[in-house]
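These are notes for a colleague who is opening the structure for the first time. Please keep the sequence and the 3D view side by side while reading the numbered points.

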Amino acid sequence: MPRAKLNFSSGPAVLPEAVLRNAQAALWDLDGSGIGILEHSHRGKEFLRVLERAERLVREVGGVDDRYAVLFVTGGATQHFAMIPEQFLAGGTADYCHTGVWSGKAITEAKRFGTPNIACSGEPDFTATPTTMTWSAAPRYVHYTSNETIYGTQWAAPPQAPAPLVCDASSDIFSKPLVLENHGLIYAGAQKNLGPSGISLVIARKDFVETGSKNLPPLSQYRTYVNEQSLHNTPNTFGIFVIAEVCAWILAEGGVTKMAERNARKANVLYDFLDASKQWRGHAARTSRSLMNITFRGDSPELEERMLALAEERGLVNLRGHRSVGGLRASIYNAFPEEGVQRLVELLDDTERGRS
Ligand code: PMP
């Protein structure tokens, strides 16, 4: 049965139908084992196969070589805002690229453990990723948010930095080929492009992990996840299962290069409409436009409300912008269908022309 709603949520967000069907079957019986995925021991051979498959598929999708570890950490991306400076800052300095709400939260956490230097900033309106950087003398790492989910901006390429890059890739991981070069650590909450909320994927260079503080509880050290295959305690077994399924789906669809082509095509349909429209306009500067979260506004609050009411009637949901910035936002991650973007453009056009 086709779904009644087109879900533009920024996360948790739409997942591929094939993934949801496989998850549904595995809830009852994982791979013919007679026990469901939620009920299997995390130390049993059935789940260990799931874990190994998840790691293998993450490596295949992302082109992740042996210099890097693939880790599954319980908790979302917010957890890493503190975990990273707690381990790697140790009273020193790290450079932060400030591109919006999420980098702001990461900076706030870093202040607990050392001195974050704001190397560049898109303040006050965060329409573009910065181009002028002021690096500090010896940063331990350089943190950036590859896609700003709330403002709808995205780095076209990682910043050129004087220290290992640490990237919050929560809202664009595997939407295009992964760049590992110069990165010490990449983390991503799963609930946009990877799976359910409450679990994050970390891809960490092993030698960078080794530079982290050892004087912390085991679950606060990335090395614990490296040394114990993310099994120091009971991990989110179901989340790991779903991440593996999403990776298998990405590969079946042609991999991240195909994802990137499709994502560009999808986003351009909407940006082209916004560029040509007299009453709707995009938020992000052309050079920094996100292909994942498209933020836009109408000429008046009245127009926006009329559009949202019509959207509701037509089953297009979760188009309201984040509460901190207002306006509208269409989140169109990997699994969001191309025809859904077309339906949104028709809706915006109808609202502009006063049709209902
Ligand atoms: N970073 C980015 C870029 C995000 O979009 C989000 C969630 N929207 C987070 C961090 C926080 O993720 P979580 O709520 O899973 O901790």
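1. Two terms come up first: contact means heavy atoms within 4.5 Å, and helices (H or I, at least four residues) and strands (E, at least two) are DSSP runs, numbered from the N terminus. This is a predicted model, in which local features need pLDDT of at least 70 and side-chain atom pairs count only at pLDDT 80 or more, while totals for chains, interfaces and linings use all residues. Residues are numbered from 1 along each chain as its sequence is written, and side-chain values use heavy atoms, with hydrogens and water left out.

2. The protein chain splits into domain 1 (17-252) and domain 2 (255-352), with bounds that come from an automatic or database domain assignment. Taken over C-alpha atoms, the centres of domain 1 and domain 2 are 27 Å apart. Their contact involves 26 residues from domain 1 and 25 residues from domain 2.

3. Helix α7 (residues 237-252) and helix α8 (residues 255-276) have axes that come within 7 Å and cross at roughly 75 degrees. Axes here are lines fitted to C-alpha atoms, for helices over the stretch in contact, and angles run from 0 to 180 degrees between N-to-C directions. Angles under 35 degrees count as roughly parallel, over 145 as roughly antiparallel, 65 to 115 as roughly perpendicular and the rest as oblique; α7 and α8 are therefore roughly perpendicular to each other.

4. Which residues of α7 and α8 meet? From α7 they are Trp 249, Ile 250 and Leu 251, and from α8 they are Gly 255, Val 256, Met 259 and Arg 262. The contact of α7 with α8 contains five nonpolar, one polar and one charged residues. In this classing, Ala, Val, Leu, Ile, Met, Phe, Trp, Tyr, Cys and Pro are nonpolar, Asp, Glu, Lys and Arg are charged, and the others, Gly among them, are polar.

5. Next come the spaces. On a 1 Å grid over the protein atoms alone, a cavity is a set of points where a 1.4 Å probe fits but cannot get out, and a pocket is an open set with protein on both sides within 12 Å along at least five of seven lines; lining residues have an atom within 4 Å of a point. Grid points are joined across faces, edges and corners, and a volume is the space filled by probe spheres set on the points.

6. The largest pocket holds about 690 Å³ of space. Its lining has 24 residues, and those nearest the centre of the pocket are Arg 3, Val 14, Leu 15, Glu 17 and Pro 337. At least two lining residues come from each of β1 (6-7), α1 (17-28) and α10 (338-352), and α10 gives the largest share, four residues. By class, the lining of the largest pocket has 13 nonpolar, three polar and eight charged residues. Domain 1 and domain 2 each give this lining at least three residues.

7. The second largest pocket has a volume of about 250 Å³. It is lined by 18 residues, with Trp 102, Thr 149, Ser 170, Gln 191 and Lys 192 the closest to its centre. Helix α3 (residues 77-88) supplies the largest share of this lining, three residues. The lining of the second largest pocket comprises four nonpolar, 11 polar and three charged residues.

8. The structure has one cavity of 30 Å³ or more, and the volume of the largest cavity is about 50 Å³. The residues that line the largest cavity include Val 14, Leu 15, Lys 192, Trp 249 and Tyr 333. Eight residues of this lining are nonpolar, two polar and one charged. Domain 1 and domain 2 each contribute at least three residues to the lining of the largest cavity.

9. Some backbone details deserve a look. Most residues other than glycine have a negative phi, and most peptide bonds are trans. The peptide bond from Gly 11 to Pro 12 is cis, with omega near -5 degrees, and Pro 12 sits in the loop between β1 and α1. The bond from Glu 123 to Pro 124 is also cis, with omega near 5 degrees; Pro 124 is in the loop between β4 (115-121) and β5 (142-145).

10. Where is Asn 182 found? Asn 182 lies in the loop between β8 (165-168) and β9 (183-189), and its phi is positive, near 70 degrees. Asn 318, which is not a glycine, has a positive phi of about 65 degrees and is placed in the loop between β13 (316-317) and β14 (328-331).
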